[in-house]
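Please walk through this model with me, one feature at a time.

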Amino acid sequence: WEVDQAIMTEEDRVVVVRFGRDSDQTCMVQDEVLFGIAEKVKNFAVIYLVDIDEVPDFNGMYELYDACTTMFFYRNKHIMVDLGTGNNNKINWALADKQELIDIIEIVYRGARKGRGLVVSPKDYSTKYRY
């Protein structure tokens with residue numbers, strides 16, 4: 001319920017929600033990065049961490065099957081990000097680079113303020129898992 005309130009009541013900033021398990025290795029990496037950038041993005045974004053075991057309400061709604069998922073909301077609207085991966089709804093890996101994450105949040109903020117529901121990531125992640 002607190003998550004819903006945060007998403008619905010935040011008027012001027014992007015709500016970044018990390019869904020996952022606090023004990024998961026991938027989530028720990030993502031949490032470190034989010035914690036590290038929280039101060040830098042506080043003017044245009046607010047960050048929440050949600051444990052999918054303690055708060056299972058969103059698992060079906062947002063198809064949260066991955067160990068760690070990051071999603072963006074603005075004025076109660078889910079903002080999709082085209083990362084070149086084919087899944088525009090969420091980031092389902094740990095973005096270890098602080099500047100990359102700041103850039104994505106900034107793009108989401110700029111696009112969402114203009115009324116866009118889908119923004120294009122400054123970096124293409126389609127080759128991230130190439131072997």
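## Met 8 and its place

Met 8 sits in helix 1. The model is a predicted one. Is Met 8 buried, partly exposed or exposed? Met 8 has 40% relative accessibility, so it counts as partly exposed; the cut-offs are under 20% for buried and over 50% for exposed.

Met 8 and Phe 73 are 65 residues apart in sequence. In space, their C-alpha atoms are 9.0 Å apart.

## Two nonpolar cores

In soluble globular proteins, nonpolar side chains tend to be buried together. The largest nonpolar core here holds 25 residues. Which of them touch the most other members? They are Val 14, Phe 72, Ile 104, Ile 105 and Val 108. Strand 1, helix 2 (25-41), strand 3 (68-74), strand 4 (77-82) and helix 4 (98-113) each give two or more residues to this core. Helix 4 gives the most, with seven residues.

Another core, of 13 residues, lies apart from the largest one. Its members include Ile 7, Val 15, Val 17 and Ile 52.

## Aromatic rings

How many aromatic pairs does the structure hold? There are six. One of them joins Phe 19 and Phe 58, with ring centres 5.6 Å apart. Phe 19 belongs to strand 1 (residues 14-20) and Phe 58 to helix 3 (residues 57-61), so the pair ties together parts that are 39 residues apart in sequence. Both Phe 19 and Phe 58 are buried.

Phe 58 also pairs with Tyr 62, and this pair is stacked. The ring centres are 5.9 Å apart, with 5° between the planes. Tyr 62 is buried, like Phe 58. Phe 19, Phe 58, Tyr 62 and Phe 73 form one aromatic cluster.

## Strand pairing

In which sense do strand 3 and strand 4 pair? They pair in the antiparallel sense, over three bridges. Phe 73 has His 78 in strand 4 as its bridge partner. The two strands form a hairpin with two residues between them. Arg 75 lies in that turn and has a positive phi of about 50°.

Strand 4 also pairs with strand 5 (residues 118-120), in the parallel sense and over three bridges. Met 80 stands opposite Leu 118 of strand 5. Strand 4, helix 4 and strand 5 together make a β-α-β unit, and this unit is left-handed.

## Salt bridges

Side chains of opposite charge can pair when their charged atoms come close. The count here is eight salt bridges. One of them joins Glu 10 and Arg 13, at 3.3 Å from N to O. Glu 10 is buried, at 16% relative accessible area. Arg 13 is partly exposed, at 25%.

Glu 11 forms a salt bridge with Arg 75, and their closest N and O atoms are 3.9 Å apart. Glu 11 lies in the loop between helix 1 (2-9) and strand 1, and Arg 75 in the loop between strand 3 and strand 4, so the pair ties together parts that are 64 residues apart in sequence. Glu 11 is partly exposed, with a relative accessible area of 43%. Arg 75 is partly exposed too, at 45%.

Lys 123 and Glu 100 meet in a salt bridge at 3.1 Å, N to O. Why does this pair tie together parts that are 23 residues apart in sequence? Lys 123 lies in the segment after strand 5, while Glu 100 lies in helix 4. Lys 123 is partly exposed, at 39% relative accessibility. Glu 100 counts as buried, at 18%.

Definitions and conventions. Residues numbered from 1 in each chain as written. Predicted model: local features only at pLDDT ≥ 70, side-chain atom pairs only at ≥ 80, totals over all residues. Heavy atoms only, no water. Phe/Tyr/Trp six-rings, centres within 6.5 Å; stacked < 30°, edge-to-face > 60°. Helix = DSSP H or I, 4+ residues; strand = E, 2+ residues; numbered from the N terminus. Buried < 20%, exposed > 50% of the residue type's maximum accessible area, 1.4 Å probe, protein only. Core = buried A, V, L, I, M, F, W, Y, C linked by side-chain atoms within 4.5 Å. Pairing = 2+ DSSP bridges. Right-handed = clockwise from strand over helix to strand, strands pointing away. Salt bridge = Lys/Arg side-chain N within 4 Å of Asp/Glu carboxyl O.
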